[in-house]
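Here is a walk through one multi-chain structure. Keep the sequence and the coordinates open as you read.

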Amino acid sequence: MAAFITVSKRPILGLPFLLPSCDSVSLELRRSQSSYRRTKQRLRVKPDASFGLSSDKTQDHIIYNPPSSSPSVYHTPTKFLPSDDIRRSLRTDTTADHLNTEGLPSVLKSPLGKKYHLGPSDITEIRKLRLGDPITWSRSKLAKRFDCSPTFVAMVCEAGPQKKEIQKQVLEAVQSRWGAKRRMAREDRKLRKETWGRDE
Amino acid sequence: MFSRSALARAFALPLEQATRQSLTTTTFRACLHQASTPSNTSSEEPLSATPRAQFSTPTEQPTHPTPTANPPVTRADVPIAKQPLPPTFMTPLKVSKSLLDTLPLLSTQKPHYISAHLHDRPYLLTEGDHLRLPFLMPKVKPGDVLRFNRASILGSRDFTLKGAPYVDERLFECRVRVMGVDSEPLRVKEKTKRRRRHVQKITSKHRYTLLRVMEVKIKTVEELEKEGEVVVE
Amino acid sequence: MPLRGIRTVTTARNGVGAFILPCKRLDFHYCDWAGSSRGMLAFLKHALPKFATENPQIEIRVSPRPHKHPIITGHYINGREKSICVRNLEPEQIFVKANLLKEASGEKLKRTKKPVTSINESVRGIWSPYHGGLKSV
Amino acid sequence: MKRLQLQRWSSSALSSRARTGGRLQRHLYSSNRFQSTNPTPLQSEADQSFAEEPSIPSTTTPSPKFTKYQLPSPPIQAARESAKLAALHARLYLPSRLPLETLARCLVDPSADSNSQFNNVPLAVLGHDLLTHYTSEHLICTYPRLPLTVIFAAMFAYAGPKTLMAMAREWGLEHAAAPGGEVDPGFLQFKRVAPGTDTNAEPLIGTTRPNEDQKTWRKSITSSVVYDNEFGDPDMAGVPSSESSESAIQTQYTEGVTVEQASASFVRALMGAIYLHAGRPAAKRFFEQHILSRHLEIANLFSFNQPARDLSRLCARENYEPPVAKIISETGRKSRHPVFVVGIFSGQDKLGESVGASLAEARTRAAVAALKGWYLYSPLNVRVPSSMEEKGAAPWKPVYVDLGEVIV
């Protein structure tokens, strides 16, 4: 679908101060003009040319002009449409965004690769170590030794009750040193995080 | 204005494409259909405000005798673009092939908006919007249903149906309901003349019609086929 | 619980489905003795029955208000009310005033500049500089 | 203090209780009533019998003068004389087959009149079932993938008591200060709760859930399908009536109800009355025009806890490639106001996209957008099963049924 090639009403040559390399002498020789308003006016983004009247068309016609805005949740991604939905076939060619997904950087620093290399014997080993000597074998140490993530260690086993008690006391000791400002800032951060899931 | 029920039926029919071509430079007049049939008691249609003027699909209209026999009442002081035009459907709707191909893309993508024109003024509307016209619409009562039949743009998120300059009214349906009459607070303008110790106070208090958009719908290809459209290049 | 539903209330859109006339009650007050009520008395005797039958959705109350000017008060579904003093008016003028109260929305009079108010989400979204084709200024 | 204490000059002239004040008022009083849409409605035989059935007096009637003040709710004859009632009937465009007497009965809450032959409980039960049936079928057919908690929330938004109270207010319904036989039947008759009563602390007894006394037990969402009502609240109604629950309900009624409960029961009773008098199509139309036409932004009902985990489970269930978050564009990474646009991709396809002030926020929001994209799928040309009840309906095509929500 052809979006119309826009012909700007003002050619760029009419805006000498917007050109990168401009002949300053010729500008100084010109009559002075109050330029702030004009500059603002010319820098203002004009409405898309597809919204103007197209004089070459004599019939009603449909154009494809996706908006410059973040996508709406009410428009189901094509991958999520059921196979018998008619929109799946309609959306094939024209409306696919040609985004080069390969070149985009990932959010996470290290690529997320799951290895699934630990067996049941390893897991019993982890449990035994953690229950036996929780001070030495912390989550990070276990993770390093078994080459897995600390989250996986937490999923597999729980710390013993004494270790939990110690950890609780440490946390209380740390929190007791917080003042009102830090406490409030922490609470605010927590509340802000909750709004992410509500998409506010 | 055209009067009442006799003409209402004939004028419910929008203007045809052929005359549109010739009239492009001269007449494009917004049609404000309102037929004030006497409000009968709603015995057959309870649970709803009696729609006193409601036109559904225009093709269901019978073959009216000669719509051109009723020339539009033109007034010299009103610009030609703002005058209403009795629509005439002598020929079926003509749509281009490309429009038919892309119409499913537009009609399956909801919601829709419409840039409806009334007295040559555009209003960007979606379903459920509240519209306060900048004038008092005559001869309407609260509860009436009007159909807007002049639009320059209809669209969804990604697609836009553009008219040249107006979309044929058989391609869409936009209905609004009259909610009542509102007025602005009293305005007082103080006028003074020189060397005259007198202040003249001019007051004005305009009244406006309130509308509510009931539906904005773009017809699908199947509905157009049912109404008998003609595909042209 | 991984996902919770948030409880809200739907917003009314009077007129989209059913239409409820905003004016729910009209009070007519008159005085038997005073001369400023003469037009009101004539209106109540002759025009009010017809007005009432034409507008069955409005409750009509008539009551005396001795030694005062006649007034009409409209009560609206948003809880507000509007009063108009109709002293020394002719029955036809009172009819116009009653019609005005009938058609009013009940809202406080405000000067608005935008004709359209919408509670819908924007169809094409809110413009953002990070989306769409970049424009070369 | 009952409605006897009227506003001084605005007693309803058209009602029978009007004091004969001036000449004009007498004149009006002697003339016909103009406020009823149809003073003699065309009633079928069945309707008449229905309307007259409750009028069988249970007690002896010595004289109407005395009984009027002794009755707990307005007598049936008063319905014809109330201007308020007739105006309400006309304002809602109710069918003329629905008589004013039934409308008056809809306005009597059980807290005002505990006799179920005169109050709106039977109608409200029917109306509540109809409302929730139509709402749930609309929600499930329009958004077949909605998770259950969101369906509960949407049901509450469409047909919950708060919405019904708002509707009753928008219909111009007024409340009686206290119920009684002498009150205009156009008012909503209910007994108010005493001031200072804690409305939230309700004793949850007599619900259908077993082991209801165990407050600390976890209540799963699946069990709420079975035991709870249509809004996900503890169900009080479905219990087989026993001695204790009966007495509990009785005490609840004598204690009074809130405006919200009374208004909601009125709207439900009206729905049931329309169904009984005018039939199923009229009830369906009433529902569509008054409830379905209201505005609800259904995407705002979701509250995710761990959207990224849910999304990866979803992709694993549907055999998609695992989702990967990638930065589409960004600005001001080292500044005070960074903006990141992060998209979630599964293979080559973009599932969701969002903007955030940190990478974690943008990623979470993008996952929420992707999940909403999944859950808010809506098929084209939605039809509900009850549309088959119309005459000349097209043959039924099965609607889309989803596997269900993601279980983590």
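Start with an open sheet of five strands, ordered 1(A)-7(B)-6(B)-2(B)-3(B), with antiparallel pairing. Strands here are DSSP runs of E of at least two residues, helices are runs of H or I of at least four residues, and both are numbered from the N terminus. Two strands pair if DSSP finds at least two bridges between them. At the edges stand strand 1 (61–64) of chain A and strand 3 (121–125) of chain B; each has a single partner strand, so one side of each is left without a neighbour in the sheet. Neighbouring strands are turned by 20° against each other on average, direction ignored.

This is a predicted model: local features need pLDDT of at least 70, side-chain atom pairs count only at pLDDT 80 or more, and totals for chains, interfaces and linings use all residues. Residues are numbered from 1 along each chain as its sequence is written, while chains are lettered from A and ligands numbered from 1 in the order in which they are written.

Strand 2 (residues 113–118) of chain B pairs with strand 3 of chain B in the antiparallel sense, over five bridges. B:Leu118 has B:Arg121 in strand 3 of chain B as its bridge partner. Helix 3 (residues 97–108) of chain B packs on the sheet, where it touches strand 1 of chain A and strand 7 (159–167) of chain B. Contact means C-beta atoms, placed from the backbone, within 7 Å.

How confident is the predictor in chain B? Its pLDDT (confidence in each residue, from 0 to 100) averages 73, and 64% of the residues score at least 70. Over residues 1–46 of chain B, pLDDT stays under 50; the model has 98 contacts beyond four places in sequence for them. Residues 48–72 of chain B also stay under 50, with 51 such contacts.

Turn to chains C and D. Their contact takes 43 residues from chain C and 57 residues from chain D. On the side of chain C that touches chain D, the elements giving two or more residues include helix 1 (38–54) and strand 3 (59–64) of chain C. Strand 3 of chain C gives the largest share of that side, six residues.

How values were computed:
Axes are lines fitted to C-alpha atoms, for helices over the stretch in contact, and angles run from 0 to 180 degrees between N-to-C directions. Two residues are in contact if their C-beta atoms, placed from the backbone, lie within 7 Å.
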